[in-house]
Amino acid sequence: MCGITGYIGYRRASDVLLKALKKLEYRGYDSAGIAVLNNGVSGAELAVRKMKGQLSVLEAALAEGSPEGVLGIGHTRWATHGEPSDANSHPHTDISGSIAVVHNGIIENYARLKSFLRERGVVFKSETDTEVIVHLINHYYQIERHKPGDPLLRSTLQALSKLEGSYALGVIARDFPDRLIAVRKDSPLIVGLGKNENLIASDAPALLAYTREVHFLNDGEIAVLYNDHVDLYNEAGEKIIRESSHIDWDAESAEKAGYAHFMLKEIHEQPKALRDTLNPRLADAHTPHGAGELKIHFDEFNLEAASAKAKRIVIAACGTAYHAGVVGKYAFEHFARIPVEVDIASEYRYRNPVFDKDDLFIIISQSGETADTLAALRLAKERGAKVIAITNAVGSTISREADTVLYTRAGPEIAVASTKAFTTQLVCIYLLAIELGRLRGALNTVQYAAAIAELQKIPENAEFVLKSKEAVQRYADRQFNKKKVFFVGRLFDHASGMESALKLKEISYTHSESFAAGELKHGPIALVDKDTLVVSFATQEALLDKITSNIREVLSRGASSLIVTQEGEPQARLAAAAIADEIWTIPQTDAPFTPVIAVIYMQLFAYYCSVARGNDPDKPRNLAKSVTVE
Ligand code: M6R
């Protein structure tokens with residue numbers, strides 16, 4: 001929610017900020033702005049350009065003339081307090097226009113602070129919570145400015161001590177043309193370390209064009225960036241020394257590479273992302289059965305030790321990551337014969353869950369910054385659980401607070417709709433479930449080897465689906481105007497439907513839901529009519545007869561029918577039953593591995609429906625990529 005950036009160095013700050021904001025636009029896109037200290041000279045003008053609308057609106061305005069200067073901050077907004085408008089856009093400035101602030105997060109006690117400041121004569125220009133921050137800094141600056149040391153840092157620290165809520169901030173001031181102050185608490189912020197230039201950004205892709213050396217700020221930490229070095233401070237204002245970290249991602253991975261949208265690019269990156277996530281965790285076992293047999297191993301941790309006493313697994317996550325957790329429930333139960341509880345993180349944190357400190361607790365989050373997921377992790381840790389995080393973001397808050405991290409090696413995911421993160425999360429889950437199955441004796445040697453063989457097929461099975469994209473596009477061009485799209489299936493197929501329905505909702509704005517096929521008759525079938533497309537996931541041979549009856553029921557109510565099934569016997573039987581307008585197939589595989597492939601069809605379908613409806617799939621309305629606020 002909201003992207004912030006900042007630059008100090010030798011380049012034209014306006015250009016750097018705009019470029020960085022383009023990489024952060026997925027975090028919010030209802031307004032954007034920059035503040036640049038003209039010419040980087042003390043007492044020079046602090047030039048602010050900000051406006052409602054997508055970043056392209058700001059870009060067009062800056063093309064007419066952008067402020068000179070080598071120090072600046074920028075923001076792309078996802079409105080929380082105050083509607084999208086020029087006035088509510090960031091950066092916000094104090095009454096004299098000499099301090100500017102960009103903010104990502106929510107100031108919970110802003111109303112109280114507003115009264116405090118109003119009583120002291122401050123007139124507010126916006127309806128945002130953020131504006132109180134800049135006025136507070138100025139309030140303390142007026143007291144501190146004539147004292148020795150760094151009055152800007154001191155007044156920022158004093159202002160922070162009054163704030164409740166979450167924030168990542170960039171602060172610049174007319175009196176200090178040589179520095180940029182950055183702060184984080186419960187909202188992500190990364191400091192990029194360049195040569196004679198330094199930067200801040202909410203997310204790594206915005207920094208990659210300049211550097212891959214970074215500091216991940218911890219909660220409460222403050223960075224003061226100069227063009228030739230960066231000082232780090234703790235909450236108390238004491239200097240701290242820390243080694244920088246290196247980010248592996250390259251700048252190209254955060255570009256569209258000729259695809260019309262990031263989402264389409266990321267869908268196509270799945271075979272590679274799946275291989276990158278899977279292959280390093282498979283090694284020759286050198287078992288009595290001979291070298292060349294594969295075994296799952298985790299460099300990151302010892303699963304045997306982590307799970308030794310566990311009688312149960314608990315999974316918590318949000319959105320797409322939650323759907324990965326639903327597949328996880330079935331997969332762990334299938335392979336490892338262990339009970340699993342899977343919960344939406346935003347529910348979990350409020351429901352006073354029953355804990356056993358030996359539970360194996362798994363948190364799933366692409367960004368590693370989702371506020372509710374982080375809260376579930378913290379709750380689990382408070383109650384003594386050991387937490388494994390499956391995440392894509394090295395250095396994210398969740399990766400730093402979990403006891404163990406299993407990284408999905410998907411590369412940066414920019415599109416709001418999650419695709420390659422989901423399928424790589426599933427690979428991590430399969431790896432854990434199969435290995436746990438071996439450790440618990442639920443899988444014998446033959447079953448273990450067979451499961452690994454199926455795992456290895458996943459990347460090429462994904463390639464198989466991608467080859468059908470023209471057929472998917474043609475079908476989407478016929479169906480994109482359907483008022484309702486319902487997904488039906490059982491178990492793993494139902495989980496595929498849940499994720500498919502979310503994809504369709506978020507980027508094509510079609511009302512879509514997934515129903516456990518057996519539940520249709522208990523209510524949902526009342527919704528089915530000729531304006532409905534029913535997508536049946538029918539990948540499990542043992543359940544074919546059941547799902548065939550369900551499809552007949554919806555057909556007799558006038559719905560259109562698309563079936564996703566497996567090649568071979570299931571395909572032949574469903575084709576013979578003549579119950580589909582269209583059948584898409586996935587290569588033969590065991591039931592647990594069907595969602596990771598079948599969902600790719602629906603990622604493509606949702607993408608093409610979105611484009612056919614004239615939407616921008618990368619920037620769905622009302623959504624942002626990382627939900628870092630509740
Ligand atoms: O970064 P996270 O995986 O924690 O994000 C969780 C959800 O916000 C996310 O999956 C969201 O549902 C996506 N937009 C779905 O495509």
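Which residue of β13 does V224 stand opposite?

1. Basis. The structure is a predicted model, in which local features need pLDDT of at least 70 and side-chain atom pairs count only at pLDDT 80 or more, while totals for chains, interfaces and linings use all residues. Residues are numbered from 1 along each chain as its sequence is written, and side-chain values use heavy atoms, with hydrogens and water left out.

2. Domains. The protein chain is divided into domain 1 (3-254), domain 2 (256-466) and domain 3 (468-630), with bounds that come from an automatic or database domain assignment. The centres of domain 1 and domain 3, taken over C-alpha atoms, are separated by 43 Å. Contact (heavy atoms within 4.5 Å) involves 13 residues of domain 1 and 10 residues of domain 3.

3. Interface of domains 1 and 3. The size of an interface is often given as the accessible area lost when the parts come together. Here the buried area (accessible area, with a 1.4 Å probe, that two parts lose on being put together, summed over both) is about 910 Å², with 54% of it on carbon and sulfur atoms. Y26, Y29 and W78 supply 52% of the area that domain 1 buries against domain 3, more than any other three residues.

4. The open sheet. Strands (E, at least two residues) and helices (H or I, at least four) are DSSP runs, numbered from the N terminus, and two strands pair if DSSP finds at least two bridges between them. Seven strands form an open sheet with antiparallel pairing, in the order β5-β6-β7-β8-β12-β13-β14. Its edge strands, β5 (92-93) and β14 (239-240), each pair on one side only. Strands β12 (residues 222-225) and β13 (residues 230-233) run antiparallel and are joined by four bridges; V224 stands opposite D231 in β13.

5. Strand β7. Buried denotes under 20% relative accessible area, exposed over 50% and partly exposed in between (1.4 Å probe, protein chains only). Nine of the nine residues of β7 (residues 165-173) are buried, so the strand is largely enclosed by the rest of the structure. G165, Y167, L169, V171 and A173 point one way, and S166, A168, G170 and I172 the other way.

6. Neighbours of β7. Strand β6 (residues 99-107) runs antiparallel to β7 and is joined to it by nine bridges; L169 is the bridge partner of H103. With strand β8 (residues 176-185), β7 pairs in the antiparallel sense over five bridges, and V171 stands opposite I181. A hairpin joins β7 to β8 through two residues.

7. Aromatic pairs. Rings of Phe, Tyr and Trp (its six-membered ring) pair if their centres lie within 6.5 Å; planes under 30 degrees apart count as stacked, over 60 as edge-to-face and the rest as tilted. By this rule there are 15 aromatic pairs. The rings of F335 and F593 have centres 5.7 Å apart and planes at 45°, so this pair is tilted. F335 lies in helix α9 (residues 319-336) and F593 in the loop between β27 (582-586) and α19 (595-612), 258 residues apart; both are buried. The rings of F487 and F537 have centres 6.1 Å apart and planes at 20°, so this pair is stacked.

8. Charges over rings. A charge sits over a ring if NZ of Lys or CZ of Arg is within 6 Å of the ring centre and within 35 degrees of the ring normal. K114 lies over the face of F124, at 5.0 Å from the ring centre. The charged end of R621 sits over the ring of Y509, 3.9 Å from its centre.
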